[in-house]
Amino acid sequence: MTAAAHKMAKDEHAARTPRARDESRERRDIVSGEIFPEHRLIRFVAAPDGQVVPDVAAKLPGRGLWVEASRAAVAKAVEKKLFSRAAKAQVSADANLADRAEKALVTRMLGDLGIARRSGVLVLGFDNVLRQLEGPKPPKLLIEAFDGASDGKRKLYAAAHRVGLDCVVLETLTSAELGLALGRENVIHAAVQRGGLADRLMFDAERLSGFRTRSESPRADASKIESKS
């Protein structure tokens with residue numbers, strides 16, 4: 001990567017205020033009352049007009065209303081009017097709030113993938129990913145379209161095992177969504193090198209998995225290919 005490209009990536013990354021996956025940061029879920037790490041929650045806030053909106057980057061002003069990152073939890077918070085109770089004020093939460101939260105997470109992840117492509121820390125295609133896995137600087141994160149054929153995925157998982165990698169697999173996005181972010185059609189396999197972007201993609205993949213069921217995705221979260229002992 002050139003110095004200019006490196007600086008662009010650093011500046012873009014800083015401007016988007018990435019939040020490292022820090023399980024020591026915990027919040028209370030307004031639905032169950034349980035304490036969860038932030039990578040299992042989504043922050044909501046009430047806009048000035050009293051409308052509840054998702055704040056997946058946790059940057060909007062106002063009192064945070066934290067809900068477990070799942071479609072069922074958000075739907076229950078809306079149905080039981082738990083946002084008003086937590087905000088100690090009358091606020092309005094639309095029935096489609098879970099859909100909006102899912103869309104916001106996808107948009108954020110696609111934006112990060114675009115940054116990864118422009119900054120040179122992302123590789124595309126089966127052959128390129130395989131070479132990266134077997135190279136001197138293997139990736140931190142494998143990205144597989146969950147609607148892609150399983151044969152190529154199995155081969156890449158086997159390659160990661162063969163070289164003893166402790167690699168995370170992200171399988172929450174469709175081929176169409178990946179193609180939209182990366183400017184190509186039929187994107188099935190990609191990989192991201194170690195760094196803040198990989199960490200944040202894993203963070204958001206865990207949250208998105210709560211909105212995409214196992215029937216929609218055969219492996220709908222950021223899970224690990226464990227290295228051999």
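**Strand pairing, helix faces and cores in a predicted model**

Strand 3 and strand 4 (residues 52-55) run antiparallel and are joined by 4 bridges; two strands are taken to pair if DSSP finds at least two bridges between them. Helices (H or I, at least four residues) and strands (E, at least two) are DSSP runs, numbered from the N terminus. The structure is a predicted model, in which local features need pLDDT of at least 70 and side-chain atom pairs count only at pLDDT 80 or more, while totals for chains, interfaces and linings use all residues. Residues are numbered from 1 along each chain as its sequence is written, and side-chain values use heavy atoms, with hydrogens and water left out.

Of the 6 residues of strand 3 (residues 41-46), 5 are buried, so the strand is largely enclosed by the rest of the structure. Buried means under 20% relative accessible area, exposed over 50%, and partly exposed in between (1.4 Å probe, protein chains only). The loop between strand 4 and strand 5 holds A58, a residue other than glycine with a positive phi near 55°. A58 counts as partly exposed because its relative accessibility is 22%.

Next comes helix 2 (residues 71-79), where A73, V74, A77 and V78 are buried. Seen down the axis of helix 2, these buried residues fall within an arc of 135°, so they line one face of the helix; the arc is that of the directions from the helix axis to the C-beta atoms. An α-helix has 3.6 residues a turn, so residues three or four places apart point the same way. The face of helix 2 turned away from the buried side carries the exposed residues A72 and E79. Strand 3, strand 5, helix 3 (82-87) and helix 4 are among the elements that cover the buried residues of helix 2, by contact in the sense of heavy atoms within 4.5 Å. Just after helix 2, K81 takes a positive phi of about 55°. Another positive phi, near 55°, is found at K88, which is a residue other than glycine. K88 lies in the loop between helix 3 and helix 4 and, at 69% relative accessibility, counts as exposed.

Strand 7 runs parallel to strand 8 (residues 167-170), with 3 bridges between them, and I143 stands opposite L170 in strand 8. From strand 7 the chain crosses through helix 6 (residues 150-162) to strand 8, and this β-α-β crossover is right-handed; that is, with the strands pointing away from the viewer, the path from the first strand over the helix to the second runs clockwise. Strand 9 (residues 189-192) is joined to strand 7 by 4 bridges, and the two run antiparallel. The bridge partner of I143 in strand 9 is A190.

Helix 7 (residues 175-182) is mostly covered, with 6 of its 8 residues buried. The cover of these buried residues includes helix 4 (97-119), strand 6 (122-124) and strand 7. G183 follows helix 7 and has a positive phi, near 70°.

The nonpolar cores draw several of these elements together. A nonpolar core is a set of buried Ala, Val, Leu, Ile, Met, Phe, Trp, Tyr and Cys residues joined through side-chain atoms within 4.5 Å. The largest has 50 residues, of which F44, V67, F83, L113 and L141 touch the most other members. Helix 4 gives the largest share of this core, 10 residues. Neighbours within four places in sequence aside, the contacts of F83 are I30, F44, V52, L65, V67, A77, V78, V91, A93 and L97. A second, separate core of 12 residues includes L142, L156, Y157 and C167. L156 sits in helix 6 and counts as buried because its relative accessibility is 0%. Not counting residues up to four places away in sequence, L156 touches F126, V129, L130, L133, E144 and H189. The C-alpha atoms of L156 and F126 are separated by 7.9 Å, although the two are 30 residues apart along the chain.
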